[in-house]
Amino acid sequence: MAEHNDFGRIAEEFIASKYQKNGYTILARNWRFYPLEIDIIAEKNNEIVFVEVKARKTDYFGDPIESVSRKKKQFMVKAANEYLELNQISKECRFDIAVVLQKKDGLASEVYVNAFEPYEL
């Protein structure tokens, strides 16, 4: 398996544990509706949160959040709609983007809560 895939899994686990520590229940990880995927689906206070995790070993090429394109956001919204329909869920939802960077002393992260609204796309 490629090293970047391993780092991506580590980053997703890191972010999932942060959500859990903040009282969220993880409903799904790497949920697929081919070819779409959502990295983490969580719930807290009757709200469903769809999370895209961006992991980078360096920010040399810019802030990793900038790599989440309009098209990727549209795919997230489409996958989220499918998840909600397939599971017959009618709750408020939001879209977060979590950025994980490799630092000398470990991982650093920033979560952009409610990073975008579906109607903005």
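Tutor: Buried means under 20% relative accessible area. Keep that cut-off in hand for this predicted model.

Student: Why is F50 called buried?

Tutor: F50 has a relative accessible area of 0%. The cut-off is under 20%, so F50 is buried.

Student: What makes F95 count as buried?

Tutor: Its relative accessibility is 2%. That is under 20%, so F95 counts as buried. F116 is buried too.

Student: How many aromatic pairs does a search of the whole structure find?

Tutor: The search finds six. F50 and F95 form one of them.

Student: Why is the pair of F50 and F95 called stacked?

Tutor: Rings pair if their centres lie within 6.5 Å, and planes under 30 degrees apart count as stacked. F50 and F95 are 5.5 Å apart centre to centre, with 25° between the planes.

Student: What does the pair of F50 and F95 tie together?

Tutor: F50 lies in strand β3 and F95 in strand β4, so the pair ties together parts that are 45 residues apart in sequence.

Student: What makes F95 and F116 a stacked pair?

Tutor: Their centres are 5.0 Å apart, with 25° between the planes.

Student: What joins β4 to β5?

Tutor: Eight bridges do, and the strands run antiparallel. They form a hairpin with two residues between them.

Definitions and conventions: Residues are numbered from 1 along each chain as its sequence is written. This is a predicted model: local features need pLDDT of at least 70, side-chain atom pairs count only at pLDDT 80 or more; totals for chains, interfaces and linings use all residues. Side-chain values use heavy atoms; hydrogens and water are left out. Rings of Phe, Tyr and Trp (its six-membered ring) pair if their centres lie within 6.5 Å; planes under 30 degrees apart count as stacked, over 60 as edge-to-face and the rest as tilted. Helices (H or I, at least four residues) and strands (E, at least two) are DSSP runs, numbered from the N terminus. Buried means under 20% relative accessible area, exposed over 50%, partly exposed in between (1.4 Å probe, protein chains only). Two strands pair if DSSP finds at least two bridges between them.
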